Amino acid sequence: MPHPSSEPSPTPPAWPHCGHGTTPVDPVGCRGIHVPGHTACLAHLDDTDRDAYLAGLTPGADIDHCGTTFTQPLLDALLDALRDPATGHPHFGDAGFGSATFQGRALFGSATFRGDAMFESAIFEGDAGFRLATFEGYAMFGSATFQGRALFGSATFEGDAGFGSATFQRDAGFWSATFEDYADFESATFEGDAGFRSATFQGGAGFGSATFQGGAEFGSATFEGDAGFRSATFEGGADFESATFQGGAGFWSATFQDYAMFGSATFQDYAMFGSATFQRYAMFGSATFQSDARFGQAVFEQSVSLGPLVCAGRMKLSGAVFGGPATLSFAARRLECRRTRWSSTAELRLRYATVDFAHAVFEYPLTIAAEADPFVLPDGQPVAEQALADAPDATVRIASLRGVDAAHLVLADVDLSGCLFTGTVHLDQLRLEGNCSFDAVPPRTHWGRWRPVRFTQRRTLAEEHHWRASRPAAVRGWNVAVLGTGRVGPLQLAPVYRALRKAFEDGKHEPGAADFYYGEMEMRRHADHIPRSERSLLTAYWALSGYGLRASRALGWLAAAMLITIMLLVGFGLPKDFPKQEATGTVPPGGGKVTFEIDKADPQNPTGDRFTGERFEKALNVTLNSVVFRSSGQDLTTTGTYIEMASRVTEPVLLGLAVLAVRNRVKR
């Protein structure tokens, strides 16, 4: 069995050591363990004794050379002594190389470098102890088999470390190891636990197609170069808590059969989890992505908790499948969820993000909500959001809901001013909670081709902006569609407005529904496929009262109609004089019953000065009575009678439109 080892220091090691080459600076000297039966290490044994020792070794023998410094020839001689003639490969029993130093290239693999001898497929039948060992050149363990424990804790690999296709049948311990160059574990098999906690990979690290049958422990590990886990299989738990990925992190097509823990991990470059499969729960709480995080086509078969985490780039979930309950808490610039599939309840709590949810499919309630304050960690501390310090605000914006069945969708406190709704199914069943804002029409008065144009403020859809901005006579202030959003017309937008109106009405928010009714009527008025007669009627409805929603417009028309009625009555409707009743009768001769006829002269058309205060007062009285369908009883000329009749038809209608508009704005 390998001896325990210690860090190089002026303190002597725990085993009997060689002591060769002591100096005042290093009074300990050579720390190599004594060769059995001698008082020197293998490196400082005289040639005769070394040859005798090596000649006595057989394949599968236990060896212990802790603290020994191996040159290339010395290592070659040791490996030759342990080579199994049947296989041609070195065969170790228990191998103790703790604190050993391997100068040049140490080759334990199937590859040959620059003419060096090949030591392929080495077999370690017992424990392989390389704790605190230093590999100054290449350390190649390719296709090696570790039947016992592989102990490389705190080892230093100054050159390439090659463990490609190696098999670790028991635990493999690389805790606190330092890989200064490339670390190759491609296609390696870890049948026991793989411990890389606090390991440092200064060059690239390749674990592609590796199989971890036990636990994979990478907690607090540091990957300064790219870390490749493409197609790796984690049959046990995968723990990357607090790991730091300074280069790219590639987990493309990886399979996590047990839990996957990436809590507090930091990804400074891209993070690729595309097509990865998480068969149990996945946790990314407090993780930080300083670039894009890509989970496209990933499969989460059971519950998943992503976050709270911060992503300074894009969080890509397009095509991902969520088979269990999902809780996603992101502070990210953009969240792409196109064609995602949600087979259980899900809650997305977001900050800063612009969300693209086009063609997503969900069968259970799904909530997208904005968080007003920074996320809070379990210890009560807020999540650090320095990576998003240059963002304008923490508003959550929905970019697209096209192709979504909104029957189970809940939106809370999100900005829908740029959202594309066309093609959304069951939009009338969408639930809007809190302060969900929409875009508005251009402010102020604008000058059209030949007349001023003023828009009454209302909620509008982004797609109406795009359509109006594309028209030849468009005024400034309408937002132009970005490339790829497509264009839709009034015929497609009218049903969208109608569905949103119903959604607001079902939520007992009648005033909010009014704007969408206005938008629906606007789209019908501008649609080319609507009959001209209907569009003319809608135009009149819009001009008189803003579709029964603009009280000021109806009251303005009412005031104008009343003023016109008054002026017409003063000028033409009131007679010149107001004739009095006259009674005439005949007294029969000799007395008796007297018969009277009471009559009044016909009103005469006015002449002379018509616009007097008295005539104005009478005209006003007639007009006010006509507004409420009452007759004033005033004597009028024939023209005045028709004027009053017209007034009693039009003015009450305008008053009713004004009342309707007020009701639509205050109804609850």
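Reply: Happy to! Glu336 is buried, as its relative accessible area is 8%; buried means under 20% relative accessible area, exposed over 50%, and partly exposed in between, with a 1.4 Å probe and protein chains only. Bear in mind that this is a predicted model, where local features need pLDDT of at least 70, side-chain atom pairs count only at pLDDT 80 or more, and totals for chains, interfaces and linings use all residues. Residues are numbered from 1 along each chain as its sequence is written, and side-chain values use heavy atoms, with hydrogens and water left out.

Me: Which side chain does Glu336 meet in a salt bridge?

Reply: That of Arg334, at 3.5 Å from N to O. A salt bridge here is a side-chain nitrogen of Lys or Arg within 4 Å of a carboxyl oxygen of Asp or Glu. Arg334 is partly exposed, with a relative accessible area of 26%.

Me: What network are Arg334 and Glu336 linked in?

Reply: A network of salt bridges that links Asp292, Arg294, Arg314, Arg334, Glu336, Arg338 and Asp356.

Me: And how many salt bridges does the structure hold?

Reply: It holds 33. One of them joins Glu385 to Arg351, with the closest N and O atoms 2.8 Å apart. Glu385 lies in the loop between strand 47 (366-370) and strand 48 (397-400) and Arg351 in strand 44 (residues 346-351), so this pair ties together parts that are 34 residues apart in sequence. Strands (E, at least two residues) and helices (H or I, at least four) are DSSP runs, numbered from the N terminus.

Me: Are Glu385 and Arg351 buried or exposed?

Reply: Both Glu385 and Arg351 are buried. For another bridge, look at Arg31 and Asp26, whose side chains meet at 3.3 Å, N to O. Asp26 is partly exposed, at 24% relative accessible area.

Me: Switching to rings: how many aromatic pairs are there?

Reply: The count comes to 93. Rings of Phe, Tyr and Trp (its six-membered ring) pair if their centres lie within 6.5 Å; planes under 30 degrees apart count as stacked, over 60 as edge-to-face and the rest as tilted. Phe223 and Phe229 form an edge-to-face pair, 6.2 Å centre to centre with 80° between the planes, and both residues are buried.

Me: What about Phe278 and Phe300?

Reply: Their ring centres are 4.7 Å apart and their planes are at 5°, so that pair is stacked. Phe278 sits in strand 35 (residues 277-278) and Phe300 in strand 39 (residues 299-300), so the pair ties together parts that are 22 residues apart in sequence. Phe278 and Phe300 are both buried.
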